[in-house]
Amino acid sequence: MVDWLWSFSGSSETLGVALRTMSICTPMRKRLVGGLIVALSGILPLACYPDNPMSTFDATGPVAQSQLDLFWMIFWAALVVFIVVEGVLVYTIIRYRRKSEDYDPPQTHGNTVLEISWTILPAIILAIVAVPTVTTIFDNANSPSLVGEPAIEVEAVGYQWWWEFKYDDPNNPGNEIVTANEMHIPVDTVVNVTLSSPNVLHSFWIPKIAGKVDVVPNNVNTLWIKAEETGSFLGQCAEFCGVAHANMRFRVIVESSTEFDAWLASQDEPALEPVDPLAIEGKTIFEGNQAQCWTCHTVSGSAKSQGTVGPNLTHVGSRTHIASGIRVNDQKNLREWIADPDRVKPGNLMSATAKVYTDPISKLTDAQVSALVRYLQGLK
């Protein structure tokens, strides 16, 4: 009994200390919460800033513009509803607040007119909003090429964690021109994109040009896009697809028709043969049994490098970015990428499967990395 009373006394004392501590900390918590609310109020508008590369508020094509117009219509309709509902609520709280001398008012159970009104009015609002919503969905689903507008065809394939783009070869019907992580398209031209995935669910998203469309394994989805401004636009996988999902990016290069035709013609050419001694050494390493890069990557024109597991590297030296669009394609970044891919892009499959990263005996020396960098930079 004595032990029990002692433990109860100790528990009570501890409880009292805790309660006093909570009462002391309450003002501090209130200030902290208030500070967080103010900070979030300042940060959230930045997410809508049009100049942000992932902002949907700077539409540069008819698909993105129609989606933005629909967003604004729904936003203003929702804002009006919010203001009316909250206004009535605040008025009711103030007008009918309880006073000390008040007695309990008569209890009313239901108001038929009011209940019918707040059922019909929202239905009318939803019906009004539904008309442009359905129209936009159908407009964005049907490519203008169906009514005769000229278009080009691009196939986009989502892998873990990079993108492959395929074009019809204009010089060799039936053949394809394959590149990775950079999709070139001509300005003011309809582009029909076919989406597929051999592994897991992805989502194809170019915020400033078009909204998200799922890329589903064993299923083919389509969308059409049309860019009205030249430049480089950031794209992103928008469906969680594994550890490196956040770094599954790509670039859309919008250029004039002349520039696009020249780019497509250059991509149709086989890889340049290296003439620099260091680049020749890099090719030997690339096709050798130590690095075995050729087992995963294709370099057009090489009899040995015909792998399809990783990105096509035929013209990798001409791309603006590497590592699925997360690093600028320069000597420093390419060297870091080859030396330690997991440090540049955590979770990538190359560092998890390639022998030079999994077998200490096969690890590349600094000189070998330099040779590979020279060779790959020459593939233009």
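A search of the whole structure, which is a predicted model, finds 7 salt bridges, a salt bridge being a side-chain nitrogen of Lys or Arg within 4 Å of a carboxyl oxygen of Asp or Glu. Side chains of opposite charge can pair when their charged atoms come close.

Helices (H or I, at least four residues) and strands (E, at least two) are DSSP runs, numbered from the N terminus. K208 is buried, at 8% relative accessibility, whereas D58 is partly exposed at 29%; buried means under 20% relative accessible area, exposed over 50%, and partly exposed in between (1.4 Å probe, protein chains only).

R327 itself is partly exposed, at 23% relative accessibility.

A nonpolar surface patch is formed by F71, W72, F75 and W76, with about 410 Å² of accessible area together. Patches are made of residues with over 30% relative accessible area and no salt bridge, with like charges joined within 9 Å and nonpolar side chains (Val, Leu, Ile, Met, Phe, Trp, Tyr) within 5 Å. Accessible areas come from the Shrake-Rupley method with a 1.4 Å probe, and for residues only the protein chains shown count as cover. W72 lies in helix 2 and is partly exposed, at 33% relative accessibility.

Most residues other than glycine have a negative phi, and most peptide bonds are trans. A cis peptide bond joins Q160 and W161, with omega about -5 degrees; W161 is placed in the loop between strand 1 (151-159) and strand 2 (162-168). Q292, not a glycine, has a positive phi of about 55 degrees and is partly exposed at 28% relative accessibility. A323 has a positive phi near 55 degrees, lies in the loop between strand 11 and strand 12 (327-328), and is buried at 9%.

Residues are numbered from 1 along each chain as its sequence is written. In this predicted model, local features need pLDDT of at least 70 and side-chain atom pairs count only at pLDDT 80 or more, while totals for chains, interfaces and linings use all residues, and side-chain values use heavy atoms, with hydrogens and water left out.
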